[in-house]
Amino acid sequence: MNITKILINWYSINKRVLPWRKTKNPYHIWLSEIILQQTQIKQGLPYYEAFISKYPNVLSLANAPESEVLKLWQGLGYYSRARNLHASAKYIVNDLNQEFPDTYKTLLKLKGVGDYTASAIASICFNEPAAVVDGNVYRVLSRFYGIDTPINSSKGIKFFKALAQDIIDENNPGDYNQAIMEFGAVQCKPANPDCNLCPLTQDCVAYRNNNVQELPVKIKAKKPQKKFFNFLVFISDSETTVLEKRKGKGIWENLYQFPLLESDKSLTEKSIKEILKDYKLTKNSSYKLTLFNQDEIIHKLSHQHLYAKFWILNVSELPQAVTPVPISKINDYAVPVLIGNFIEAFNF
DNA sequence: AACGCGGGGTC
DNA sequence: GACCCAGCGTT
């Protein structure tokens, strides 16, 4: 038996029961695929349920405000996925008359849908033989065929896509695609795969060469940068605070945070007070400054390590030119996990 | 071709 | 600490 048939057989026996495996509704499949980009099933599953429940179809998603979509996405990370999901829903409703794209080529026109996601939707929903290549597929193919071309080089990306396309089951592309991914997730795992109960060992080159653990090869990422974040948590006598919407291209675009002082190194109370002189805080310029966390909170992201301090700033009135947020409404705003954890811990 | 983008998980 | 996860868009 060849690898294609073995994988499909294995999948028919071993596949996990998941809500998006009960449907071919392209809206549902699309939503699941966006949520699962760079995200494990365990983490994404509750978000899928919440989105299906709140937005049962593409029209309801398109009609929602972006702020509400981001709030529902809160905690999942890679927030451009939520913004692009929402923008694409509007595109489908406004430009495509609510008709979901049904080919690899037209699916690619959706923001946030690249080669992987277009192939997944086209194959699962529309039976188009487009091979998916995700982290699982790279691992299974690099080991089975013994290929040490780096999977994140342009050469590797092309090579593995062509290889996957070569072995796809043209008559059953959706099941084949899901089979090889599920196999990578459950059997051919990154660390300590149990090759003793693997149905592919007969022809697995890495198994024969005893270098399963060395594959796939990946060009190493550079180390994350350190950044120092000082948040100013205003609390006025009338129980209001200040949140600002993050703009620009960096992390957490369009999410909310307390006013931020970013620096190259840790700021002291003295330097915070120095900066506050320029704020013209209140009519009588009196305030009380308290550091909430004596030790910096270290928030680790893939590309940055954030060292955060939350400064509580009790004032009689908020500064001019800010929109006050009633503290009672603070949980209506989409915030990064770092901010959300603080709000929960501080308990206002 | 290289980089930025989150947060949770394993080993 | 290193690495991974149903990747994508930008430069």
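Visitor: How many residues line the largest cavity, and which of them lie nearest its centre?

Guide: A word on conventions comes before the answer. This is a predicted model, in which local features need pLDDT of at least 70 and side-chain atom pairs count only at pLDDT 80 or more, while totals for chains, interfaces and linings use all residues. Residues are numbered from 1 along each chain as its sequence is written, chains are lettered from A and ligands numbered from 1 in the order in which they are written, and side-chain values use heavy atoms, with hydrogens and water left out.

The largest cavity is lined by 14 residues, and those nearest its centre are Arg143, Phe183, Cys188, Cys198 and Cys204. A cavity here is a set of points, on a 1 Å grid over the protein atoms alone, where a 1.4 Å probe fits but cannot get out, and a lining residue has an atom within 4 Å of a point. The largest cavity holds about 110 Å³ of space, a volume being the space filled by probe spheres set on the points, which are joined across faces, edges and corners. Counting cavities of 30 Å³ or more by this rule gives one. By class, its lining comprises 11 nonpolar, two polar and one charged residues, where Ala, Val, Leu, Ile, Met, Phe, Trp, Tyr, Cys and Pro count as nonpolar, Asp, Glu, Lys and Arg as charged, and the others, Gly among them, as polar.

Helix H9 (residues 135-144) supplies the largest share of that lining, three residues; helices (H or I, at least four residues) and strands (E, at least two) are DSSP runs numbered from the N terminus. Nine of the 10 residues of H9 are buried, so the helix is largely enclosed by the rest of the structure; buried means under 20% relative accessible area, exposed means over 50%, and partly exposed lies in between, with a 1.4 Å probe and protein chains only. Those buried residues are Asn136, Val137, Tyr138, Arg139, Val140, Leu141, Ser142, Arg143 and Phe144. Their cover includes helix H1 (3-14), H10, H11 and helix H12 (205-209), judged by contact, that is, heavy atoms within 4.5 Å. After H9 comes glycine 146, which has a positive phi near 65°.

The largest pocket has a volume of about 1,300 Å³, a pocket being an open set of points with protein on both sides within 12 Å along at least five of seven lines. It is lined by 38 residues, with Leu36, Gln38, Asp134, Gly135 and Asn136 the closest to its centre. The elements giving two or more residues to this lining are H2, helix H3 (41-54), H8, H9 and H11, and H9 provides the largest share, five residues. The lining of this pocket divides into 16 nonpolar, 11 polar and 11 charged residues.

Just after H8, asparagine 127 adopts a positive phi of about 60°.

The second largest pocket has a volume of about 730 Å³. Its lining is made of 27 residues, among which Gly77, Tyr78, Leu301, Ser302 and His303 lie nearest its centre. Two or more residues each come from helix H6 (80-95), strand E7 (297-300) and helix H14 (337-346), and H6 gives the most, with three. This lining divides into 10 nonpolar, 11 polar and six charged residues.

Of the 348 residues in chain A, 47% are buried. Among contacts between residues at least 6 apart in sequence, 66% join residues at least 24 apart.
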